[in-house]
Amino acid sequence: MRWVSRLQQKLEPYAIPNLALWLIAGQGMLFGASVAEPGFVDRLTLVPNAVIGGEYWRLFSFLFIPPITNLLFLFCAFYFFYLMGSALEHHWGTLRFNIYLFIGYAATLAVAFAFPNLREIPHTNAFIGSSVFLAFAKLYPNYVITIFLIIPVRVYWIAMLTWIGIVYSLVAVPDWSYRISVVAGIANYLLFFFQDVFYGAVQNERRMRRQISNLTKSHSEPVQHRCVVCGITEQDDPNADFRYCSRCEGTPCYCSQHLKDHQHLDPSRSSDCPDQQ
């Protein structure tokens, strides 16, 4: 991504290190405030009409709303998010990770204000967790997490289930504004990994075409040599050596491995087989 490389040269000194940890700290504080005052979080969600009415803090405060209300599961969610965020920041660098989160944030704001039917409903920071998880699963597909401390599962398979849910949401819901909001939640992932996904799909298609072409070619070309013992042909092994035994009935073909120790097809002839082509 050349545009990110250009920005990195100019904006790297202004990047926020450990951004995942800052988000977790803010969400932890809001969780404590929500326990003390249950209705407090409702005044912090992103509601475009409320922002237009003067509640400008909602533009930023919704980023720090905790994703879960259960304390145990919230701790697990914080730990996993910090692990994923640290891994992405280490892999990309601080600025790229900042840009990745900022794109998801900006896309969520744009869609929330763009459609009138979305301006009255609260919007969450779900893009943070989902997009970070999808990026982590893309870069570290073999990482294993333990569900309920018992079941080990690769993040690759959880990501596949996540993508199935996203596709189902796009197909099942007829509201286009909702569909666009779903796409906005993964806009940063699409921008960062579009080339990998596109070129990967192209390479897979080319690989399948080559396999089909080779399979069709192998069936269309006649076989000239086939060992009567193991069945190997010159198509299976182009370097294989074949001979014909004139002592056997019908002069069958043998590969070099089975030529000297094969049993003659004509029992009346028991002399050794000469190597003839």
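**Helix packing**

I looked up the handedness first: helix 6 passes helix 9 in a left-handed crossing (near helix turned anticlockwise from the far one by less than a right angle). This is a predicted model, where local features need pLDDT of at least 70 and side-chain atom pairs pLDDT 80 or more, while totals for chains, interfaces and linings use all residues. Residues are numbered from 1 along each chain as its sequence is written, and side-chain values use heavy atoms, without hydrogens and water.

The axes of helix 6 (residues 94–114) and helix 9 (residues 176–185) come within 9 Å and cross at roughly 170°. Helix 6 and helix 9 are therefore roughly antiparallel (over 145 degrees).

For contacts (heavy atoms within 4.5 Å), I listed Gly104, Ala107, Thr108 and Val111 in helix 6 against Ser177, Ile180, Ser181 and Ala184 in helix 9. The residues of this contact divide into 4 nonpolar, 4 polar and no charged.

**Aromatic pairs**

I found 14 aromatic pairs in the structure (ring centres within 6.5 Å, the six-membered ring for Trp; tilted is what remains between stacked, under 30 degrees, and edge-to-face, over 60). Phe80 and Phe133 form a tilted pair, 6.4 Å centre to centre with 55° between the planes. This pair joins helix 5 (residues 71–92), which holds Phe80, to helix 7 (residues 126–139), which holds Phe133, 53 residues apart. Phe133 is buried, at a relative accessible area of 10% (buried is under 20%, with a 1.4 Å probe and protein chains only).

Trp92 and Tyr100 form another tilted pair, at 5.0 Å and 45°. Both Trp92 and Tyr100 are buried. I also noted one aromatic cluster formed by Trp92, Tyr100, Trp163, Tyr189, Phe192 and Phe193.

Terms used. Axes fitted to C-alpha atoms, helices over the stretch in contact; angles between N-to-C directions. Helix = DSSP H or I, 4+ residues; strand = E, 2+ residues; numbered from the N terminus. Parallel < 35°, antiparallel > 145°, perpendicular 65-115°, else oblique. Nonpolar A, V, L, I, M, F, W, Y, C, P; charged D, E, K, R; others polar. Buried < 20%, exposed > 50% of the residue type's maximum accessible area, 1.4 Å probe, protein only.
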